[in-house]
Each structure stands twice: as C-alpha cells, then as structure tokens.
Amino acid sequence: MDGVSIYALLGLAAFGAGALNSVAGGGSFLTLPALVFVGVPPVIANATGTVALLPGYAAGAWGFREDTAPPPGLSMRLLVVLSLVGGALGAGLLLVTSNETFSIVIPWLLLAATVLFAFGPQLRRLLAGGQASTAKATVGVLAVAIYGGYFNGGLGILLLALFGLLGQTQLNAMNGLKNLVSALLTAIAVAVYAVGDVVNWRYALLMMLAATAGGYIGARVARRIPAQWLRWGIVATGLVMTGIFFARQ
C-alpha cells in the first residue's frame with residue numbers, strides 16, 4: 001500500500017473506532033486490525049491503537065464529571081491509585097511480550113472481548129447486587145486495570161460488570177466511572193509505551209484526531225439508530241476480526 005492509502009485506512013478505522021466507543025464500545029476491534037494490516041508489528045499496533053483512543057476516554061470522563069462517583073467499598077483516591085498502578089503494570093507486561101507471542105494471543109483476546117461485549121448486559125445483571133468490600137473492590141479494579149493496560153479490547157464491559165458486582169446501580173455514575181478509570185489507566189499506559197518506544201507516533205497522532213471526530217459525529221448519528229442494531233453490528237465486526245487473526249496464524 002502507498003502512503004496515502006495507509007493514512008486513509010488508518011483514519012477511517014480510527015474514525016469508526018471513536019464512533020463505536022462513543023455509543024457502545026468496541027473501538028479496538030477496528031484500530032488494532034487496521035494497524036496490523038498496514039504492517040505495524042502487533043505489540044506496537046496494540047500500543048498505538050490505545051494511544052489513539054485516549055482522547056475519547058478523557059472527553060467521556062469530563063462529560064460525566066457531575067455524575068461520577070466511586071463504587072461501594074472504594075474511595076475516589078484509592079480508585080485513582082489502583083487505575084494508575086494497574087495500567088502501568090499491564091503496559092509493562094506488554095513491553096516484555098514479544099511480537100510472536102502477542103500475535104498468538106491477539107485472536108484469543110479479540111474473541112474474549114467480543115464474547116464479553118455480546119453478553120455484557122446479561123453479565124452486568126448477573127453480577128449486580130453483590131456485597132461490596134474494600135478488599136474485593138481493590139482486587140477487582142486492579143485486575144481490570146492491568147488487563148486494560150495490556151489490551152484495551154472489551155475494557156468498558158469489564159468495568160461496567162465490575163461496578164455492578166460491587167453494588168453500584170446508577171447508570172450515569174457507572175458510565176462516568178468507566179470513562180474515568182479508562183482514561184487514567186490508558187494515560188499511564190501511554191506513558192509507559194512512550195518510554196518503551198512502542199508507539200508509532202506518526203500514525204497515532206492522525207488516529208487520535210480521527211477518533212475524536214468520530215466520537216462526536218458517532219454520538220450524534222447513533223441517536224437515530226436502534227441500540228440493538230449497533231450492538232450486534234459491533235459483535236459481528238469483532239467476530240470477523242477474530243476469524244481473520246486466527247486465519248493468519
């Protein structure tokens with residue numbers, strides 16, 4: 001592919017990812033495969049795609065700032081610390097993962113993220129209403145933050161399910177908290193990626209702009225599309241991308 005075609009493909013993928021994340025999630029199903037397709041090594045592709053989606057998380061956290069509240073069992077200060085520590089640990093784990101190993105892991109991570117997305121509402125209902133404790137909340141947030149720092153796919157569903165498990169019931173508070181934790185762990189992960197020199201900044205900056213535009217436009221357009229159509233469209237995208245990566249092995 002020539003340079004123009006590469007930039008066009010990555011811009012479209014990031015635009016679509018921003019739109020998906022603004023309404024339901026699943027943006028990584030587009031950014032990671034697009035970067036790998038144009039020849040970016042898998043570890044760098046994962047890090048670069050995560051960088052591209054950071055502005056959307058930050059904007060979402062700011063948009064829900066009045067509603068955001070910590071789940072039962074955690075203070076906001078502890079939540080911030082766990083998000084940063086977990087994101088850094090997950091990013092550090094990615095740095096010591098070889099491209100060969102990550103190539104093997106990618107389709108399984110995509111498959112797991114797709115299944116989580118498909119059954120997210122049922123999972124949240126199943127886990128809702130648990131008795132919160134500081135220990136359970138601490139372990140849960142730290143584990144999900146490590147996952148998010150390593151691989152961003154399905155992060156929002158995991159966070160919403162976790163908050164339901166901890167006893168949080170207000171949807172706006174859950175969404176605000178999801179965006180805040182995602183922004184924090186992604187920000188520290190990006191810092192680790194930068195130090196480890198695993199970000200293709202030329203592609204990342206373009207994709208950040210495209211994802212931000214996609215997030216705004218996607219939110220406006222999605223208001224006219226039935227939510228169920230969006231959800232199953234994203235699930236179909238995830239399954240297709242998973243199949244492609246399995247076929248490449």
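The secondary structure of the protein comprises 11 helices and zero strands, where helices (H or I, at least four residues) and strands (E, at least two) are DSSP runs numbered from the N terminus. The order of elements from the N terminus is accordingly α-α-α-α-α-α-α-α-α-α-α. The model is a predicted one, in which local features need pLDDT of at least 70 and side-chain atom pairs count only at pLDDT 80 or more, while totals for chains, interfaces and linings use all residues. Residues are numbered from 1 along each chain as its sequence is written, and side-chain values use heavy atoms, with hydrogens and water left out.

The pLDDT, which is the predictor's confidence in each residue on a scale from 0 to 100, averages 86 over the protein, and 92% of the residues score at least 70. Confidence is highest in helix α4 (residues 76-95), at a mean of 96, and lowest in helix α6 (residues 120-127), at 68. Where pLDDT is low, the predicted coordinates should not be read in detail.

With regard to overall form, the C-alpha trace spans about 55 × 45 × 30 Å along its principal axes. The accessible surface of the protein amounts to about 11200 Å², and 70% of this surface belongs to carbon and sulfur atoms; accessible areas come from the Shrake-Rupley method with a 1.4 Å probe, and for residues only the protein chains shown count as cover. Buried residues account for 47% of the 249 residues, with buried meaning under 20% relative accessible area, exposed over 50%, and partly exposed in between (1.4 Å probe, protein chains only).

The interior was then examined for nonpolar cores, each a set of buried Ala, Val, Leu, Ile, Met, Phe, Trp, Tyr and Cys residues joined through side-chain atoms within 4.5 Å. The largest such core has 50 residues, and those with the most contacts inside it are L10, F102, F151, Y193 and Y203. Helix α3 (residues 42-63) gives the most to this core, contributing eight residues. Apart from it lies another core, of 17 residues, which includes L79, V144, L155 and L166. When neighbours within four places in sequence are left aside, F102 is in contact with P42, V43, N46, L94, T97, L109, Y150 and F151.

Helix α3 also contains T48, a buried residue with a relative accessible area of 0%. Beyond its neighbours within four places in sequence, T48 is in contact with L35, V198, V199, N200, Y203 and A204.

A145, located in α7, is buried at a relative accessible area of 0% and touches L82, S83, G86, G87 and L185, not counting residues up to four places away in sequence. The C-alpha atoms of A145 and I157, 12 residues apart along the chain, are separated by 12 Å. L142, also located in α7, is partly exposed, with a relative accessible area of 25%. With residues up to four places away in sequence not counted, L142 touches L82, V85 and G86. A separation of 25 Å lies between the C-alpha atoms of L142 and G18, which are 124 residues apart along the chain.

Helix α9 has 25 residues and reaches 36 Å from its first C-alpha to its last, close to the 36 Å expected at 1.5 Å a residue. T186 has its place in this helix and counts as buried, at 0% relative accessibility. Residues up to four places away in sequence not being counted, T186 touches T50, L54, Y57 and N152.

The loop between α9 and α10 (201-222) holds D197, which counts as exposed at 62% relative accessibility. Most residues other than glycine have a negative phi. D197, however, has a positive phi of about 55° although it is not a glycine, and this residue comes just after α9.

Note on methods:
Contact means heavy atoms within 4.5 Å. The expected span of a helix is 1.5 Å times one less than its number of residues.
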